[in-house]
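Thank you all for making time this morning. I would like to take you through one structure, starting with the ligand and then stepping back to the chain around it.

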Amino acid sequence: MEDESGSLPLKSDFSAWYNDVLWRAEIMDVRYPVKGLYVWFPFGFGLRRHTYTILRGLLDASGHDETLFPLLIPKTEFMKEAEHIKGFEEEVYWVTHGGLTELDVPLALRPTSETAMYPMFALWVRSHADLPIKIYQIVNTFRYETKHTRPLIRLREITSFKEAHTAHATWDEAAAQVETALSLYTQFYDDLCIPVIISRRPDWDKFPGADYTMAVDALMPDGRTLQVGTAHHLGTHFSKTFNITYEDATGEQQFVSQTCYGISERCIAAAIGVHGDDRGLVLPPKVAPVQVVIIPIIMKKQAEEVRAAAEALKAELEATGLRVKVDDRELRPGAKYYHWEMRGVPLRIEVGPRDLAAGTVVAATRDGEKMTLVRAGLAGEIPGVLAAFAGRLRERAEASLTSRIVLAESVDAAIEATKTGIAVVHWCGDETCAEAIEKETNASVLGTEVRSAHIGKSEGACIVCGRPGTSTVIARTY
Ligand SMILES: Nc1ncnc2c1ncn2[C@@H]1O[C@H](COS(=O)(=O)NC(=O)[C@@H](N)CS)[C@@H](O)[C@H]1O
Ligand SMILES: [Zn+2]
């Protein structure tokens, strides 16, 4: 799929850059003949695998059990929770036939799995001892999105939908679980070197059937935010609908309190968008399908020794668990550098006759740091080099985010700020003021109760009506 013709658009032309880099770095093939459905190239699938290995590890380490529920949901179950239906009725795909036979009960392709799981929770939960339930699954889900579809960002088949669902004895325990989910998400995005902003979505934007929704947003290079995760407190809405009760100490039947929280392949879109540059992807070492590429500098003399040295180094680095490639194709070194830089490989090591003689190698990290390293004991040096690289990725992403967060004291200032990033304003919480802000700025009220190292909590006069307001984030969104 190598396509060196032409060159990658500059990242400043983000939409063109993004679409082109998904092709050139072999992430996703967008030519599949169904709108909103895309094919993972093997290299992209490797990036997905390493990314979700981190996410699984965090979930497993915090007491979640992975599971798997059916894709098809009977209409009788799906239609039970009024708000949930309202929120999804325009997005659900329906299966109406099995072969030539019309189904007596149409089946929904899960847009999310509350109505698949919760009838089963009602069978699983009898007593207090059956709680808490903390499960998750990583599955494909289907949403008939009518807004502009885009690979990794807005799909009609969400291929990598991690959905966690929990059930608890009390509302407070569920609220604590929402907090656990948010800190797990913060850790996950830190592993991807991506700074995020957490806020409470306004009520009109919360998940259908939830008491409240906490959202995790990342700022993309074009100044728009991408919702890269959400955690919902479902209260007892669904347990009342699906009759999920347990017998409490007094012998009373109590409805469980529930949460659910999700991350999709948008996490990969954020890693690509936040860290990429004009030469292609720049991948955090923990998720890079190839972490180190070794380029043997083949000259006439010592060609065999150089090849052997490259293979020996590969074996040594792989023995420490690193993902390594030797690029010994008959290409000039510059073409090889281009190829692997496009794929975001964090570390390149060149090995040539001079290096053999000197017992050294030349190493270059993807963000342009060049160094000469001693060959002996090199494997022990690599983790430090990669960690320093990841640290610089994190710093650069933090700086880029903080430079585009502006405290806006007026609607005009908010209009200016949301052209390039995030405005923090005081908003009274009244929907008509929010509508005025959204209309004027052509941006969205992301949320209140903002949690971010870069945005302090504050009170002040609502920028629309002057009544007491609290700090609120506004931004154009995907
Ligand atoms: N069409 C889509 N394409 C890609 N990602 C999406 C799409 N729709 C939603 N997402 C992502 O999936 C996350 C979870 O979706 S959600 O609707 O907010 N929440 C749920 O479905 C809950 N059941 C928690 S899993 C969102 O925060 C968003 O990051
Ligand atoms: Zn107001």
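**The ligand and its surroundings**

Let me begin with Ser264, where an N or O atom of the side chain is 2.8 Å from a nitrogen atom of ligand 1. Please keep in mind throughout that this is a predicted model. A polar side-chain atom of His232 is likewise placed 3.0 Å from a nitrogen atom of ligand 1, and for Leu155 it is a polar backbone atom that lies 3.0 Å from a nitrogen atom of the ligand. On its own, ligand 1 has 580 Å² of accessible area, and the protein covers 95% of that.

As for the site itself, the space that ligand 1 takes up is the largest pocket. There are 21 residues around the ligand, and those that come nearest are Thr112, Glu114, Glu145, Gln227 and Thr230.

Which strand gives the most to this shell? That is S11, with five residues. Strand S11 covers 225-235, and, together with strand S8 at 157-168 and strand S14 at 257-263, each of them supplying at least two residues, it contributes to the shell around ligand 1.

Turning to the chain as a whole, UniProt, in an unreviewed entry, places the feature "domain: Aminoacyl-transfer RNA synthetases class-II family profile" at residues 36-284. Over that stretch, 36-284, the chain is 32% helix and 33% strand, with the end C-alpha atoms 27 Å apart. The domain assignment, for its part, gives domain 1 as 14-275, domain 2 as 292-388 and domain 3 as 407-475, and the C-alpha centres of domain 2 and domain 3 are 49 Å apart.

Notes
Residues are numbered from 1 along each chain as its sequence is written. Chains are lettered from A and ligands numbered from 1 in the order in which they are written. This is a predicted model: local features need pLDDT of at least 70, side-chain atom pairs count only at pLDDT 80 or more; totals for chains, interfaces and linings use all residues. Side-chain values use heavy atoms; hydrogens and water are left out. UniProt positions are given in the numbering used here, feature names are shortened, and annotations may be inferred rather than shown by experiment. Helices (H or I, at least four residues) and strands (E, at least two) are DSSP runs, numbered from the N terminus. Domain bounds come from an automatic or database domain assignment. A residue is near a molecule or strand if one of its heavy atoms lies within 4 Å of it. A polar contact is a pair of N or O atoms within 3.5 Å; within protein, one must be able to donate a hydrogen and the other to accept it, and residues adjacent in sequence count only if both atoms are side-chain atoms. Accessible areas come from the Shrake-Rupley method with a 1.4 Å probe; for residues, only the protein chains shown count as cover. On a 1 Å grid over the protein atoms alone, a cavity is a set of points where a 1.4 Å probe fits but cannot get out, and a pocket is an open set with protein on both sides within 12 Å along at least five of seven lines; lining residues have an atom within 4 Å of a point. A molecule sits in a cavity or pocket if more than half of its atoms lie within 2 Å of its grid points.
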